2 protein chains.
Amino acid sequence: MALSKALDAFTAEIDAVLDEFIESPDGPEARLFEAMRYAVLLGGKRLRPYLVVASADMFGVRRACSMRVAAAVEMVHAYSLVHDDLPCMDDDDLRRGHPATHKKFDEATAVLAGDTLLTQAFEILAGHETHEMAEVRSDLVHALALAAGGHGMTGGQMIDLLAEDQTFELPQITRLQAMKTGALLAFACEAGAILGRASGAQRMALHGYAHDLGLAFQIKDDLLDIEGDAATVGKRVGKDAAAGKATFVSILGVERARQQAQMLADQAAAHLHDFGADADQLRALARFVVERES
Amino acid sequence: MALSKALDAFTAEIDAVLDEFIESPDGPEARLFEAMRYAVLLGGKRLRPYLVVASADMFGVRRACSMRVAAAVEMVHAYSLVHDDLPCMDDDDLRRGHPATHKKFDEATAVLAGDTLLTQAFEILAGHETHEMAEVRSDLVHALALAAGGHGMTGGQMIDLLAEDQTFELPQITRLQAMKTGALLAFACEAGAILGRASGAQRMALHGYAHDLGLAFQIKDDLLDIEGDAATVGKRVGKDAAAGKATFVSILGVERARQQAQMLADQAAAHLHDFGADADQLRALARFVVERES
């Protein structure tokens, strides 16, 4: 798959930027920065930063700007994984085939590393180098905070934690996932539009794309949780079923879930109609999201 | 003490603002907002938001603006306490005489509530209502992120966690506290200057004031930890000594620590010389910090 290669190349670029941002100081607090670096550089598909850059590219945004925002988004994603893996949360010892941050370091360091990654993401967005217009920087901060907060990512994680005790149907699961993973994906796309000073219609089209992409992504994740093997997926599989949690697959069944993911990927691409060939990267990504094996 | 009454009155005002910001939604994520509300409205001296407003008042900033920033700073302070109290961190069951957030709710909810308070603080700062100039909003975000991040508050907490295994002398303890508590106090004062578009010299004077105030505050905290009783202080006392942690008091002894706190409070006030009577609130606060009994 061509996009797979493009993502690999992009991964090397974004990792270099992340590596530069998380510079270890000399003092005893170096341990905190080591844990942040570990959490962020542990691998992953770099889907979110890729979305930022691919969206920003459509509006001719300089890479020096969009890569900063991309790094900030990946830091927020990494922070959420570090905290989600904690024993008091999802209690996962394994992340991307490696010890989770709290296993590699310790729980306290993991909590602080997550906190600090989240904080640094906002520092980067508000930094003068991100955009010459303060209005753009401020809008980026505001949109990220909305996406990552109680009406978005952390709210979704709260609902997810309570899901074991509740009977969730399709509308509830859809809402949960739109908050838990969809909101940050949507921000990644919107960030490109904010950086590019796009029109309201363009921003809305990207929001629609990201919303459908996020759901397709999550359904595929649920399918991989059932069908994948731990070695390929890089984390414990079958855990949702074991925990008795409702997922798209447990509600829809494997076949309908697969159809639904494909339908959402097509629908995501349809939002991009007016961008023409400029949106080819994002279209390819929508296909990739439902075809990936990990 | 007159300031004590002023602080009580201010507490009612800032609590009303915080209460309004943390609005509970209808969904199952309501639990997250309940925990945030609990953590923030549990009490406390409201020293940081008071510093924001007192500093901003000197530059004639509208209260509608400064109270928003004050609320954001208190949210960051509350988040840091919620995470610090976790079993994997300082393991405190009691906070201000009440169950810590992870005891009242559970650990997972406490982690998420802290994360969400931090996130919302940035949302508030970047909100249009905070200041009509985007440059000011962006500067506030950047300065808060620096103060709360790895070179500030969380870095200080990391060092503090490692302090039990290390021999700390006065310079190390001073650096630790300047990061762990001083940085956010300094931001509180600088925020007033940023909102008020103060000159560089004014901003520096406030930074110097806050730095000395922060250290005086911490030495007084260490003294209360030795001398206070749990009922008045509202948290477990004597815990630093029990943990074998170096503190200002263990290094300097009670008498020299008391003198040092007083000297720092005087020095803090001296930074305010050029502000004349406008800085009377801040001068009173410097006295209050070393004279308080809790």
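Helices here are DSSP runs of at least four residues, numbered from the N terminus. Met204(B) lies in one of them, helix H10 (residues 200-227) of chain B. The model is predicted.

**Where the chains touch**

- The contact takes 44 residues from chain B and 44 residues from chain A.
- On the side of chain B that touches chain A, helix H2 (30-40), helix H6 (107-126), H7 and H8 of chain B each supply at least two residues.
- H6(B) gives the most to that side, with 12 residues.
- By class, the side of chain B that touches chain A has 22 nonpolar, 15 polar and 7 charged residues.

**H2 and H6 of chain B**

- The axes of H2(B) and H6(B) come within 9 Å and cross at roughly 75°.
- Angles of 65 to 115 degrees count as roughly perpendicular, so H2(B) and H6(B) are roughly perpendicular to each other.
- From H2(B), the residues that meet H6(B) are Arg31(B), Leu32(B), Ala35(B), Met36(B), Ala39(B) and Val40(B).
- Their partners in H6(B) are Thr109(B), Ala110(B), Leu112(B), Ala113(B), Thr116(B) and Leu117(B).
- The residues of this contact of H2(B) with H6(B) divide into 9 nonpolar, 2 polar and 1 charged.

- Helix H7 (residues 134-148) of chain B has 15 residues.
- At 1.5 Å a residue, H7(B) should span 21 Å, and its end C-alpha atoms are 21 Å apart, which agrees.
- H7(B) is mostly covered, since 13 of its 15 residues are buried.
- Helix H8 (residues 153-162) of chain B has 9 of its 10 residues buried, so H8(B) is largely enclosed by the rest of the structure.
- Among the buried residues of H8(B) are Met153(B), Met158(B), Ile159(B) and Leu161(B).
- Gly155(B), Gly156(B) and Asp160(B) are also among the buried residues of H8(B).
- The cover over the buried residues of H8(B) includes parts of both chains: helix H2 (30-40) and helix H6 (107-126) of chain A, together with helix H4 (63-84), H7 and helix H9 (170-195) of chain B.

**H3 of chain A**

- Helix H3 (residues 47-58) of chain A has 12 residues.
- From its first C-alpha to its last, H3(A) reaches 17 Å, close to the 16 Å expected at 1.5 Å a residue.
- H3(A) is largely enclosed by the rest of the structure, because 11 of its 12 residues are buried.
- The buried residues of H3(A) include Leu47(A), Arg48(A), Tyr50(A), Val52(A) and Met58(A).
- They pack against helix H1 (2-21), helix H4 (63-84), H9, H10 and helix H15 (280-291) of chain A.
- Gly60(A) follows H3(A), and its phi is positive, near 70°.

**H10 and H14 of chain A**

- The axes of H10(A) and helix H14 (residues 254-270) of chain A come within 8 Å and cross at roughly 155°.
- Angles over 145 degrees count as roughly antiparallel, and H10(A) and H14(A) are therefore roughly antiparallel to each other.
- H10(A) passes H14(A) in a left-handed crossing.
- On the H10(A) side, the contact includes Tyr209(A), Leu213(A), Leu215(A), Ile219(A) and Ile226(A).
- On the H14(A) side, the contact includes Val254(A), Ala257(A), Leu264(A) and Ala268(A).
- By class, the contact of H10(A) with H14(A) has 13 nonpolar, 2 polar and 4 charged residues.

- Arg96(A) sits in the loop between strand S1 (94-95) and strand S2 (98-99) of chain A.
- Phi of Arg96(A) is near 55°, a positive value in a residue other than glycine.
- Arg96(A) has 14 other C-beta atoms within 10 Å, so Arg96(A) is partly exposed.
- Arg197(A) is in the loop between helix H9 (170-195) and helix H10 (200-227) of chain A.
- Arg197(A) is another residue other than glycine with a positive phi, near 50°.
- With 15 other C-beta atoms within 10 Å, Arg197(A) is partly exposed.
- Thr174(A) is in helix H9 of chain A, and is partly exposed, with 17 other C-beta atoms within 10 Å.
- Thr174(A) and Leu215(A) are 41 residues apart along the chain, and their C-alpha atoms are separated by 7.4 Å.
- Met204(B) counts as partly exposed because it has 14 C-beta neighbours inside 10 Å.
- Met204(B) and Glu255(B) are 51 residues apart along the chain, with C-alpha atoms separated by 31 Å.

Conventions. Residues numbered from 1 in each chain as written. Chains lettered and ligands numbered in written order. Predicted model: local features only at pLDDT ≥ 70, side-chain atom pairs only at ≥ 80, totals over all residues. Buried ≥ 20, exposed ≤ 12 C-beta atoms within 10 Å, placed from the backbone. Expected span 1.5 Å × (residues − 1). Axes fitted to C-alpha atoms, helices over the stretch in contact; angles between N-to-C directions. Parallel < 35°, antiparallel > 145°, perpendicular 65-115°, else oblique. Left-handed = near helix turned anticlockwise from the far one by under 90°. Contact = placed C-beta atoms within 7 Å. Nonpolar A, V, L, I, M, F, W, Y, C, P; charged D, E, K, R; others polar.
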